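I opened this one to see what sits around a ligand and how the chain is divided. These are my notes, in the order I looked things up.

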Amino acid sequence: SSAAAELPIKKVAVTGAAGSIGYALLMRISSGQMFGPNQPVELQLIETEVGMKPLKGVTMEIMDGAFPLVRKVTQTSDPNVGFGDADVAVLVGGKPRGPGMERSDLMSANAAIFAEQGKALNNSAKRDVSVLVVANPANTNALVASAHASDIDPSRFKAMTRLDHNRAIAQVAGKTGAMAGDVKKVVIWGNHSATQYPDLSNALVEGKPALDVINDIKWIREEFIPRVQKRGAEIIGASGRSSASSAASAAIDHMRDLHLGSGDSWQSMAIHSDGSYGIDTGIWFSVPCLCRGDGVYERIVDIPAPDEFSAAMIDATRKELLEERDTVRHLLPGGDVQAV
Ligand code: NAD
Ligand code: LMR
């Protein structure tokens, strides 16, 4: 036949698959939006015992999509089975916050899940599995999972700040009238929390410095930054539940760029700190990256040193992440943070 050789099937594990984000995410993975139109996938869906029944319904709907790329769908409540041979794991399972809560209030409910899932990934996933943590508190959940997966390089674990990155682009586009696609080099620094720093210092709007185009430092400091920091709460206030389709869309963007490459476009991802930018090693900190495809990324380090305001903002979110690490110390192997 003249058909090109087919790509090897990618095994994609998704936890929390019957939840709100899972519902929006699975259809888009199935239709090829995460790994491209030529990449067949096997979906390995993981839920709690209670989640198995609704998961059955979700699986029926995936089947009814008749997606040519979906070769198999499995359902399990055992993460050791669900992560079996996984090439990719999207960790969405966990509680979302409600009105009046901070994301860190989910620490006790969710971080323990990540100790178990880190162990399960270590037991059964591919050694080069590409892991995206979506469930909150995402950065610290990634730290806990990675600490329990000593055979998997910490650089394979990311926590999602792409939603914050997209929110920042959308706000700048709204303010300037530019198309979202013409807003570049936005950076989210630090934690996926209200201390994150959405930074426009390097940003471009239609190729011109965003700071000049916006020309309104008061708007940036008093409206843009707090709005992006608190956008999750704004959505919970409006709809009564946490963002779901925009979160799924951001997970698609993150994985697509990481695995298919995103050229010279800057992307924010919370990655394992190696000490760059003066950030403590061993925490998951969002920084600007270039995505080279096949899961390979580079930090963008060749940028001007932050001004005083930016340095203070970056320091505040760094301190919060160190505090979060202290809070989960009991969940780390041997309680030994040096081992992370
Ligand atoms: P949801 O409650 O609708 O769904 C979560 C699902 O996870 C449920 O079906 C639940 O049964 C399942 N689950 C719980 N524990 C599990 C476990 N141990 N293993 C497997 N599945 C498990 O919540 P949602 O709206 O889909 O949000 C999921 C998480 O994502 C929340 O923690 C939320 O705060 C977070 N979130 C993060 C971002 C981000 O930008 N990083 C954005 C939106 C939401
Ligand atoms: C978001 O950013 O929308 C999510 O992290 C949900 C939340 O609790 O804010």
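This is a predicted model: local features need pLDDT of at least 70, side-chain atom pairs count only at pLDDT 80 or more; totals for chains, interfaces and linings use all residues.

Started with ligand 2. I listed the residues around it (near here means a C-beta atom, placed from the backbone, within 6 Å of the molecule). I got Pro 96, Arg 97, Arg 103, Asn 136, Leu 163, Gly 232, Ala 233, Ile 235, Ser 242 and Ser 243.

Residues are numbered from 1 along each chain as its sequence is written, while chains are lettered from A and ligands numbered from 1 in the order in which they are written.

I sorted the shell by class: four nonpolar, four polar and two charged residues. For the classes, Ala, Val, Leu, Ile, Met, Phe, Trp, Tyr, Cys and Pro count as nonpolar, Asp, Glu, Lys and Arg as charged, and the others, Gly among them, as polar.

Which helix gives the most to this shell? I found that helix H9 (residues 231-239) does, with three residues. Helices here are DSSP runs of H or I with at least four residues, strands are E runs with at least two, and both are numbered from the N terminus.

Next I checked the domains, whose bounds come from an automatic or database assignment. The chain splits into domain 1 (10-159) and domain 2 (162-325). Their contact takes 33 residues from domain 1 and 30 residues from domain 2; contact means C-beta atoms, placed from the backbone, within 7 Å. On the side of domain 1 that touches domain 2, H5 has the largest share, six residues. I also saw that the shell around ligand 2 draws at least three residues from each domain.

Then I went back to Asn 136. I placed Asn 136 in the loop between S5 and H5. Is Asn 136 buried or exposed? Asn 136 is buried because 28 other C-beta atoms lie within 10 Å (20 or more counts as buried, 12 or fewer as exposed, in between as partly exposed). Leaving out residues up to four places away in sequence, Asn 136 touches Gly 94, Arg 97, Arg 103, Leu 106 and Asn 110.

Ala 135 is in the loop between strand S5 (130-133) and helix H5 (138-147). Ala 135 is buried too, with 28 other C-beta atoms within 10 Å.

Last, I looked at the record. The UniProt annotation "binding site", from an unreviewed entry, includes Ala 135 and Asn 136; such annotations may be inferred rather than shown by experiment.

Terms used: Two residues are in contact if their C-beta atoms, placed from the backbone, lie within 7 Å.
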